[in-house]
Amino acid sequence: MNEQDKASSTTPAPEPGAHRWPLWEVFVRSNRGLSHVHAGSLHAPDASMALRNARDLYTRRNEGVSIWVVPADAIAASDPDAKGAFFESPQGKDYRHATYYTKSEGVKHL
Amino acid sequence: MTQSVGDSSASATRITPGNALRPEDIAQATRQGAAKASEDVAEYALRLGDDALILAQRLSHWISRAPELEEDVALGNIALDQLGHARSFLSYAGSAWGKSEDDLAYFRREPEFRSAHLFEQPNGDFAATIARQFIVANYQFPLYRELTRSSDPMLAAIAAKAVKEVDYHLDHSTQWVLRLAGGTQESRRRIIAGFKLMWPCVGELFEDDELTARLGDAGVVPSSLRAEFDRGVADVFTEAELDVPASPPATGGGRHGRHSEHMGYLLAEMQVLAREFPGASW
Amino acid sequence: MAQNVQSGGVSTHEQSELDAAGAENFDAIIARDSRIEPRDWMPEAYRRSLVRQISQHAHSEIIGMQPEANWITRAPSLKRKSILMAKVQDEAGHGLYLYSAAETLGTSRDEMMDALVAGKARYSSIFNYPTPTWADMGAIGWMVDGAAICNQVPLCRASYGPYGRAMVRVCKEESFHQRQGFEILLELANGTPEQKEMAQDAVNRWYAPSLMMFGPPDDDSPNSKQSMAWNIKRFSNDELRSRFVGMMVEQVKVLGLTLPDTQIRFNEATKKWDHAPLDWEEFKEVLAGRGPCNAQRLERRRSAHEEGAWVREAATAYAEKQAAKNAQKVAA
Ligand SMILES: [Fe+2]
Ligand SMILES: [Fe+2]
Ligand SMILES: [Fe+2]
C-alpha cells in the first residue's frame, strides 16, 4: 500500500508491468435461461486464455453452461459517490412496485 | 438496501456432481459381473489405461509448480481427466482377471506395464510438457473418437466420456504451442527443443501388432490414426511456423513391457506406499 | 476492477470534504452491518488491514498446497490420488479467489507474490510442518481444513464484499476437504495396527498446530479488536478455538483415536471448552521463519515463480503480437 492512496475514494489500478498478465472479470451462466453472474476474476495473457482459465477455475463443479470474460479495465462503473445521487431517482417511486397498489389486495389472479 | 453477501443461493456458485460415467460405476459393474472384458480386450484396455495413468502421474507433479497459478489448476484438471480415464480402463481390464484398478496400478512390475514410452518421458520444462501433451492429445483425440464406435460397449462408453475431455486437452496444448512458438525467442527455442526431445516417441503410438489385429471392431488400428495425427500437427505447426523434428524414431517396446530408464523411478514412487502395506485398505 | 467514470481532478479542499462525507458513509454502512464495496471510500487503516489479512490468507492457500502435493504421486490408491489432486487443485483456486479479492483493494497479485517469495509476507505457520506419512493427509484434511472452516465460515459475512464473496466460494469447496481427511483417518484407524499407529501419530503432531491456527490468545491479539469493530472478524480467536476443540473431541471418538491433550473439558462457568496451554513460543518461532519447513516451502514457491517467468513473458509477447496483427487487419 503506497502513501498516495491514503484516504482516497478510488481504487488505484495495479502497476502495469512488462510480463504481467492483465486482470479479467469472469461472468458465468449457471443454467440456460439465467443471466451471467459475476463469479470472480483471474489473470490471463489474452481473451482466449482467460476463457479457458475461467472454465478451469470457476466451473470445476458444473457451475456453468456459458462464460463471459471481460478485461477488468474495460468496465465502466457508476461513481460510488457517498451521496448516492446516481441511485436516488428510483427512491420514493414506489408506484413501480406491485406492492404499492393495496386496494386491489385479495383480488385473485391480479 | 442490504447486499446479500454470503448468499448461498447465488446461482453462479451452484455445485452439482454431474452424472457422467465414473470409474466407480465401471468398477461396480465389473464386480457385479455385469461387464467382463475378454482377454484381448483386457490387454488392449491395459494399454490405454497405462498410457493415461503414467501421464497423470507425470502431470500431477506440476501441481504447486506451474508457471502461473491459473496453470496449476489447468494442468491439475488435465491430470485428473487422465487419471479418471486410467481408472476406467484399468477397472475394466481387471474384470478379465479378477483384479481391481489398484491391483493393476500398484502391484504390477515394470515389464507388465503396457504404456508407450512417450507417456513416461520426464516433464522437463513447461515447453517439454506442452510438447508431450500436444502429441498425446493429437493421438488420443482421434483414438477415443473412433473407439466410441467400438463393438465392445464398455470401451465405447469409456471413450465417449474421455473424448470430450481430450478435446479440451487438445485445445489447451494447441494454445500453448502457439504461444510458446510465437512468444519470445526464449520460448520458441524451448518449444522447439521440447518437440525434438519428445518426437522420437511418436512412432510407437501408431504401431500395429497381433493384438490390435485380433481385436477387429473392438479396438482401433493404431496405424489408421497416423494420417489424421500428421494433419492435426501440421495445421498447428504451420500457424506456429514450426518444423516437424527430423529426429529418428526410438525403439519403443512399451506395449510389450520394455520401458525407458525413466519408468523404474516413476513406478517406485507411485507404488511405494501401497507395497509397504500389501492388502491394506486406504 | 472497474474504472471510475468521473470528471477532472479534485482540489485538496474538495478532497477533504469528500473524505468527511466518505467517512460518515463508511461508518453508517458498518453500523447497519452492510457491505463495503471496492470503490467505496474506506479508511486507509481498514484497507491496509484487509490487504494484510486477505493476502496472508491467499499465501496460506498457495503455500498450503505443498505439504499435500508431497503425497499426490505416492497416494496409496487411485481413488485417493484423485481426491488429493482435486483437493490441492482447489487450494490453488482458493488462493486465486483471495488474491483477486485483495486486488480490488489496489494491490496487484504480482506485488503480493513478490513479497511472498522475498520472504516478506506471512502465511499460516501450520504449513511449515512436514508431512512425513500418508496419515498426514488425513490429519491435515480433518484438523487443518477443519480449523480453517471454523475460521472461514464467519468470514463469509466479512464487511468487505469481495472478501466475503470469495469466502462463500471457498467454504463451499472446503466442504469435501474435511470429510476426505476424516475418511482417510477412519480407514487407517480401522486398518492394520501399523496403519492405526500412523493415524494416531499424525493426529498427535497436528493437534497443537491446528489449535494455533486460530491465532494468539485474545489478550495477546492486538489487531482482533479493531477487526471485530469493522465487522471483518465476527468471533474472537479463543471463541473459535474453543468451538473447534468441542467438535474435535466428539469426532475423534468416531475415529477410535485420541487427542494428545488430557485437559480438554467443557467449562460450565464459561460455557467454553478448555484445553491444555499451547506453546506460543514455538508458534512465534515458526511464524518468524524458524519452523521445520519454512525455507523449503518458500524456495519451492520462489523456484516455481522464477522458472515460470519465461512462460508468462512468452504469453504476454504473443498477446501483444496478435493484438498488433488484428489492429493491422482492421486498418487494412
Ligand atoms: Fe482452502
Ligand atoms: Fe484455507
Ligand atoms: Fe481446504
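The following legends describe close-up views of contacts between chains in a predicted model.

**View 1. Helix H1 of chain A packs against helix H7 of chain B.** The crossing of H1(A) past H7(B) is left-handed.

**View 2. Residues from both helices form the contact of H1(A) with H7(B).** H1(A) contributes A:Ser48, A:Met49, A:Arg52, A:Arg55 and A:Asp56. Facing these residues, H7(B) contributes B:Tyr168, B:Asp171, B:Gln175, B:Trp176 and B:Arg179. By class, the residues of this contact comprise 3 nonpolar, 2 polar and 5 charged.

**View 3. Chain C and chain B share an interface that buries about 4,900 Å².** Of this area, 64% lies on carbon and sulfur atoms. Chain C brings 56 residues to the contact, and chain B brings 57 residues. C:Leu78, C:Trp310 and C:Tyr318 provide 16% of the area that chain C buries against chain B, more than any other three residues.

**View 4. A salt bridge joins C:Arg109 to B:Glu70.** The closest N and O atoms of this pair are 2.5 Å apart. Across the interface of chain C and chain B there are 2 salt bridges, together with 18 residue pairs in polar contact.

**View 5. Several helices of chain C give two or more residues to the side that touches chain B.** Among them are helix H3 (65-69), helix H5 (109-117) and helix H13 (309-331). H4(C) supplies the largest share, 13 residues. This side of chain C has 27 nonpolar, 11 polar and 18 charged residues.

Terms used
Residues are numbered from 1 along each chain as its sequence is written. Chains are lettered from A and ligands numbered from 1 in the order in which they are written. This is a predicted model: local features need pLDDT of at least 70, side-chain atom pairs count only at pLDDT 80 or more; totals for chains, interfaces and linings use all residues. Side-chain values use heavy atoms; hydrogens and water are left out. Axes are lines fitted to C-alpha atoms, for helices over the stretch in contact, and angles run from 0 to 180 degrees between N-to-C directions. Helices (H or I, at least four residues) and strands (E, at least two) are DSSP runs, numbered from the N terminus. A crossing is left-handed if the near helix is turned anticlockwise from the far one by less than a right angle, and right-handed if clockwise. Contact means heavy atoms within 4.5 Å. Ala, Val, Leu, Ile, Met, Phe, Trp, Tyr, Cys and Pro count as nonpolar, Asp, Glu, Lys and Arg as charged, and the others, Gly among them, as polar. Buried area is the accessible area (1.4 Å probe) that two parts lose on being put together, summed over both. A salt bridge is a side-chain nitrogen of Lys or Arg within 4 Å of a carboxyl oxygen of Asp or Glu. A polar contact is a pair of N or O atoms within 3.5 Å; within protein, one must be able to donate a hydrogen and the other to accept it, and residues adjacent in sequence count only if both atoms are side-chain atoms.
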